[in-house]
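Subject: Structure handover

Hello,

My notes follow below it.

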Amino acid sequence: MRTTAHPVSLTKMSLTSEEAQRLQQAATQAAENAYAPYSNFRVGAAILLDDRSIVTGCNVENASFGLTICAERSAMVRAVSEKGPHVRVAAIAIDNLNGAPSSPCGACRQVLSEFAQEDAMVFFPTGSGNAVSGMENRPFFDLFPFSFALAKSPSEPS
C-alpha cells in the first residue's frame, strides 16, 4: 500500500499508515467471501466510518448480471443497515484476489458519494507490483468530482 510517513488527514481524525493497512487487510479478507461463480473476479471492500468502525462487503454475482452487487455497494448497504442513515465514510479500501486493477465503478462511486466525507480517501489496487507498490490512494472526490445530487427532504440526513 502506498502511504506516507505522515498520517493522511481526514475530517476530525487522521488515518495512520497502520490503520490504512488494517483497512486494506479487511478488504482482502472480505474478498475471500465473494460469490463470483461466473467471473471468478472476487472483490472485497472495507469502509472506515466516521466513528472509526470498519464495515466490510464483497461482490455477489447473479446469473442475471445486472443484479450483481459490487463489494463497495455491499459494504455501504451493510453500513447503513447496521449503523443507520447518518453514517459517513472516512475511507474505503478495495482489493481483489485476481491481482487486477480495481477502483470503484461508476455506480459504486455514485452510491458512496451520498455518504463520503468531503476528504474521504479511497485505497485500491492498480494491478501492478506487490501489495505495497501496487496500491493507489486518492481523495474520493478526485475520483468522482461530479456526482449526481438531488435536494434531500428536511427529514432526511444530509
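Is Glu 136 buried or exposed? Glu 136 is buried, at 14% relative accessible area. Buried means under 20% relative accessible area, exposed over 50%, and partly exposed in between (1.4 Å probe, protein chains only).

Ground rules: this is a predicted model, where local features need pLDDT of at least 70, side-chain atom pairs count only at pLDDT 80 or more, and totals for chains, interfaces and linings use all residues. Residues are numbered from 1 along each chain as its sequence is written, and side-chain values use heavy atoms, with hydrogens and water left out.

Salt bridges
There are five (side-chain nitrogen of Lys or Arg within 4 Å of a carboxyl oxygen of Asp or Glu). Among them:
- Glu 136 pairs with Arg 138 at 3.1 Å, N to O. Arg 138 is partly exposed, at 39%.
- Arg 78 pairs with Glu 82 at 2.8 Å, N to O. Both sit in helix H2, four residues apart, about one turn of the helix. Helices are DSSP runs of H or I, at least four residues; strands are runs of E, at least two; both are numbered from the N terminus.

Best wishes
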